[in-house]
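Please walk me through the aromatic rings of this model and the helix contact that goes with them.

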Amino acid sequence: MNIVLIGMMGSGKSTVGRLIAAKLKWKFYDSDKVIEDEQKMTVAEIFAAKGEAAFRELETRVLSRLAREADCVIATGGGAPTVETNWKFFGEKSAVVWLKSSPETLLRRLERGGAQSRPLLKDALSKEKILEILKNRERFYQRAGFVVESDGLEPQETADKIFRLVAPK
Ligand code: S3P
């Protein structure tokens, strides 16, 4: 099986995903990073040069490939669950976990850096913007089989929580 982490930008999917993978001795993939390596462009450059729709196509292509792997942890981009096709790939043999954080926590984390590399927040980082994105996405995130709240937790604590919940016995 695989573990697929979904959730908002700044929810810690990559940091926490890496920790879970280390604990399980599984492979770790960050879908944004896979896209960047393959395209030899950053996510921000892809958005600027080709637009969001083109980025979503690349994302779906990468997720469809990763879904065929076994025993890996996949951190997805925050918008991936809004694309219906991606659920086919998440759902095949994965535990899908929504890493849920409050807008305040997300804002705090994103303010520490990382907003610049995220085209949807570049020049627009505010609690209102986060709330607006969250409002549009919550119904997709709610489809996850597991929900893990990470407010007030260190990444390792969140990883341990997920491990207890979904790791194969
Ligand atoms: C996006 C989230 C980003 C990245 C892209 C779009 C989104 O990934 O895929 O900037 O639509 O929420 P992270 O969630 O890893 O920041």
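F47 and F55 are both buried in this predicted model. Their rings form a pair. A ring pair is described by the distance of the centres and the angle of the planes. For F47 and F55 the centres lie 5.1 Å apart and the planes stand at 45°, a tilted arrangement. This is one of three aromatic pairs found in a search of the whole structure.

F47 belongs to helix 3 and F55 to helix 4, and both residues take part in the contact between the helices. Helix 3 spans residues 43–50, and helix 4 spans residues 52–66. Their axes come within 7 Å and cross at roughly 130°. The two helices are therefore oblique to each other. Helix 3 brings V43, I46, F47 and K50 to the contact. Helix 4 answers with E52, A54, F55, R56 and L58. Six of the contact residues are nonpolar, three are charged and none is polar.

W98 lies in strand 4 (residues 94–100), while Y141 lies in helix 7 (residues 127–141). The pair therefore ties together parts that are 43 residues apart in sequence.

Finally, check where charges sit over rings. The charged end of K23 sits over the ring of F163, 4.7 Å from the ring centre. R143 places its charged end over the ring of W87, at 4.6 Å from the centre.

Notes:
Residues are numbered from 1 along each chain as its sequence is written. This is a predicted model: local features need pLDDT of at least 70, side-chain atom pairs count only at pLDDT 80 or more; totals for chains, interfaces and linings use all residues. Side-chain values use heavy atoms; hydrogens and water are left out. Axes are lines fitted to C-alpha atoms, for helices over the stretch in contact, and angles run from 0 to 180 degrees between N-to-C directions. Helices (H or I, at least four residues) and strands (E, at least two) are DSSP runs, numbered from the N terminus. Angles under 35 degrees count as roughly parallel, over 145 as roughly antiparallel, 65 to 115 as roughly perpendicular and the rest as oblique. Contact means heavy atoms within 4.5 Å. Ala, Val, Leu, Ile, Met, Phe, Trp, Tyr, Cys and Pro count as nonpolar, Asp, Glu, Lys and Arg as charged, and the others, Gly among them, as polar. Rings of Phe, Tyr and Trp (its six-membered ring) pair if their centres lie within 6.5 Å; planes under 30 degrees apart count as stacked, over 60 as edge-to-face and the rest as tilted. Buried means under 20% relative accessible area, exposed over 50%, partly exposed in between (1.4 Å probe, protein chains only). A charge sits over a ring if NZ of Lys or CZ of Arg is within 6 Å of the ring centre and within 35 degrees of the ring normal.
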